[in-house]
Amino acid sequence: MAGATIDHMVAVTILIAALLLTMGIYNQMFASAVAYEGNRKVAMKAVDIINTACLSPGNPEDWGEKNASLLGFGLQDPQVGGYALSPYSLMRLRTSSNDSQLVEYPPDSGLFYNNISANYGHDILSPVGDCLNYTAAAKMLGINGTYGFRLDIVPTLDVNVSQVLGYGHLVLNVEVHGSGLPLSGAALNYYLFHINKTAGSDYPSITRYPTNPPGVAHTNPSGSVDIHFSNVTDDDPSYSFTVYVSLGGVTGVGYYTHNTIDSESQYIIPLIQDFDDGKIIIAHNWDGVTPAVTYNATFFVLTSDFQLHPIQIDNSTGLLGAENPYNTTQVRAYEVGLLVISYLTPEDDMGSVILPWGIGTLGVPTSFGGDPTGYSFVATELRQVSIDDISYQVKVSAWSLSG
Amino acid sequence: MRTVEVLFVIIILLGALLMAIQFAVLPSPQQAFGTNLRELSKSTVETLDGKGILTETVFKNSSDPAWGDLQKALSASLPPNVVYNLSVYDISTSSGGVINYHLANSISDASFGVDSEAASLLATSPNVTFTITPEKVGEKTGENNTLYILNCNDANGWWIVGYSAQTLALDLHNLLSPYFQTTVLVNSTYELGLLLDGTLLTGGDGETVENAVVINTFGESVPIPSGYYTTVGYDPDATYKYAKYSWYLGQITNQYNWTWVSIVGYPFYYVTNTAYFENDHNGWGIYGMKQVNQAGVNAFLQGLSNQSYTYNATGITGRPGVVDLSSEALDLCNYYGVYPAPYQTSDRALHSSILSTHNLVATEIFDRALPPNEDYIPAATYKHTGGGALTAIGLTRTPDIRVSVLALLMYYRPAVYKSEFGASCTSRLVTLQLGQQGGT
């Protein structure tokens, strides 16, 4: 009898141990499958979002060029189609994730501008009221409250420009890198906007070197090249330099600006007033410290073969200060290009700012959406696109908000 | 004994577990969490070909430096953990109609693991030219219609703002002469007089007065030869005294089975001859022409329909406004490769009542406007059942001659024979295969 009981006890113990072991393994399998399914859903949502963003122009399809309200989200360029994004729609994204990142101008006026910034002096400042915010975009995508997303749009090529000293004239070094490797043999089309003071004139002048066609160079095996401007001395010149790079169908942009003004303060601030009409406010810094400056502005239209053609604009010159804090001008709303504004202080110091009209004209990177930090699984999708014929990569990150 | 039974149970449990593990295979990490390589491949190929550089490269010899540039561009575009293989296949068609793909060239940066995705692009050689061979108008019926384009050097145009009749004549010649056996420019009102009398102008092979198409490039004014036609075409009792000339034109159109084309505005609104009307102007300061008003088109329709001449200056046109090309006309735009703007403004549209009063059948190229303008025909070719036709483009100035060309092609419907798209060695298939490194 005792033997049978022990036999039972041993059998039950072994059985329970086996059950626990198998249940644990099954449990892990189920947990993995559930996690996989959840993550797969997020990954599919990332595909949905990037397809909608890249392959749909939105509704209305030219919403980036109009003041009309947006009914459906999409960033495709309707005039090109395929994987081409609209340079105008991208300018209307509210990229600032919180109000502290907005630019208030004039100070304490309550008028805020979204800042898509390449770097100092190369900003796209758009009225916040005309920009599409993240929540509205999420609602249009039908994912508000269920999924979060973020769009990162960055140029494919990394083009760095730096000044090389010691030649007695201006020499600029251009370095081109692709995805982790230098790009040799790339063709460069470049322009130098030399800012100068013309004798007998109160306004600074903008001299373009060369005029047209643009200067041409090629990168060496290490992906860099020195470009010499023998007619510009390197004695603290003021200039802006823009270079368009292309090789085998991939294209990029680089730029560099040097001012003779030491101050960190940007004396002139171009603000977009109206997307539909291409109205731009050329404003003085208005900080109460910066002196009045004269300016000279020119709009250059960027053609498909990367040439810049100057276009006459209203109020192309003027004096801005406390008495006359801003002027209004107008660019061609439906043609991408660069608004180059040079300015001159009473002490004959010079500087320049550039407003890229169209994201691609200066290769401006931009990000739009929420912050994925802290979420356990974030799916990403990558696409190659073109904006104004400049190669970009679009990365979409998506995550589930339900945990 | 119980222990043995439990052991059996455990074996069953473990067996079930093993079977479950065997069948419940989770996907590989790349499949579960990797980026969609097929879409990435597609977007890469599309953007590289954005300016046609990829297409240009894949037709080059494999030793051409452009292949090296393409390889660098691919390496620069794709993330470092993505490997690629770009293969180009030549497409050819054998005599039996079988399509063959031969590998022409291939570039890659590493070997793939188990998983990879690919996208493809069909590239057409930039050196290929596609030819079209139009059928000649009247070729099927043996009529071999001749195209006459009025290019008179002694006449003035009206409502052809920005153009001269001579430049329009040249453009029309370029657009339409491939569709006609013979094209003749009528260079003076004297030559027009000869033509109206039934005389061949060139005497060359193929020119026939019967069944011809006569295009008036002078807009609302019509050249008039001095002499006989300024005499018989003159009605001393009428307000607009040269309306009767239009009646003669209608008669001749009917007699020779012509198609008379008015390219813009009111048809036959003025007569023009810079020598004969040297001191007369049209009321707007253009000398060399006299106004006929709407008596002109009424008289022409009377002549076209073999009715006797009765002076009638009653207006028969309306202003339906913006009108759209019909779906049939849009199809023909694609067929013939003629693309006028699909929306046009019509303010000289003829009233549809002329169809019944003059026994006409209209081939319309625009959809009619909405009520109350649905009875006006913006542009059409009106064929008289007894012979002859009038193509009247009742659009506003400035004339778009492509509308007239489309109206004529829609009326005559010549076939267009195009070269085959899949001709040998003109197409190549480009496939870009992508894989992720570090996977299984």
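# A walk through a predicted two-chain model

Helix H3 of chain B, residues 37-48, has 12 residues and spans 16 Å from its first C-alpha to its last, close to the 16 Å expected at 1.5 Å a residue, where the expected span is 1.5 Å times one less than the number of residues. Helices here are DSSP runs of H or I with at least four residues, strands are runs of E with at least two, and both are numbered from the N terminus. Of the 12 residues of H3(B), 11 are buried, so the helix is largely enclosed by the rest of the structure; a residue counts as buried if 20 or more other C-beta atoms lie within 10 Å of its own, as exposed if 12 or fewer do, and as partly exposed in between, with C-beta atoms placed from the backbone. Among the buried residues of H3(B) are B:Leu37, B:Leu40, B:Val45 and B:Leu48, and also B:Glu39, B:Lys42 and B:Glu46.

This is a predicted model, in which local features need pLDDT of at least 70 and side-chain atom pairs count only at pLDDT 80 or more, while totals for chains, interfaces and linings use all residues. Residues are numbered from 1 along each chain as its sequence is written, and chains are lettered from A and ligands numbered from 1 in the order in which they are written.

The contact between the chains takes 38 residues from chain B and 41 residues from chain A, two residues being in contact if their C-beta atoms, placed from the backbone, lie within 7 Å. On the side of chain B that touches chain A, the elements giving two or more residues are helix H1 (2-23), helix H2 (29-33), H3, helix H4 (53-58) and helix H5 (65-77), and H1(B) gives the most, with 9 residues. That side of chain B divides into 21 nonpolar, 9 polar and 8 charged residues, where Ala, Val, Leu, Ile, Met, Phe, Trp, Tyr, Cys and Pro count as nonpolar, Asp, Glu, Lys and Arg as charged, and the others, Gly among them, as polar.

Chain A has 3 helices and 23 strands, and buried residues make up 41% of its 403 residues. Of the contacts in chain A between residues at least 6 apart in sequence, 67% join residues at least 24 apart. One such pairing in sequence and space is that of A:His169 and A:Thr233, which are 64 residues apart in sequence and 4.0 Å apart in space, C-alpha to C-alpha. A:His169 is found in strand S6 (residues 169-177) of chain A and is partly exposed, with 13 other C-beta atoms within 10 Å.

The largest nonpolar core has 119 residues, and those that touch the most other members are A:Ile268, A:Leu338, A:Leu339, A:Val340, A:Ile341, A:Val394 and A:Val396; such a core is a set of buried Ala, Val, Leu, Ile, Met, Phe, Trp, Tyr and Cys residues joined through C-beta atoms within 7 Å. A second, separate core of 87 residues includes B:Val261, B:Tyr270, B:Tyr376 and B:Leu390.

Further along chain B, helix H9 (residues 243-256) has 14 residues and reaches 21 Å from its first C-alpha to its last, close to the 20 Å expected at 1.5 Å a residue. Because 10 of its 14 residues are buried, H9(B) is largely enclosed by the rest of the structure, and these buried residues pack against helix H7 (189-196), helix H8 (228-232), strand S9 (259-262), strand S10 (270-272) and helix H10 (295-304) of chain B. Just after H9(B), B:Asn257 takes a positive phi of about 55°.

The axes of helix H11 (residues 327-336) and helix H13 (residues 401-412) of chain B come within 10 Å and cross at roughly 95°, the axes being lines fitted to C-alpha atoms, for helices over the stretch in contact, with angles running from 0 to 180 degrees between N-to-C directions. That makes H11(B) roughly perpendicular to H13(B), a term for angles of 65 to 115 degrees, whereas those under 35 count as roughly parallel, those over 145 as roughly antiparallel and the rest as oblique. The contact is made by B:Ala329, B:Leu332, B:Cys333 and B:Tyr336 of H11(B) and B:Leu406, B:Leu409 and B:Met410 of H13(B).

In the loop between H13 and S20 of chain B, B:Arg413 has a positive phi of about 50° although it is not a glycine. B:Val416 lies in strand S20 (residues 416-418) of chain B, and its contacts beyond four places in sequence are B:Ile132, B:Pro134, B:Tyr335 and B:Tyr336.
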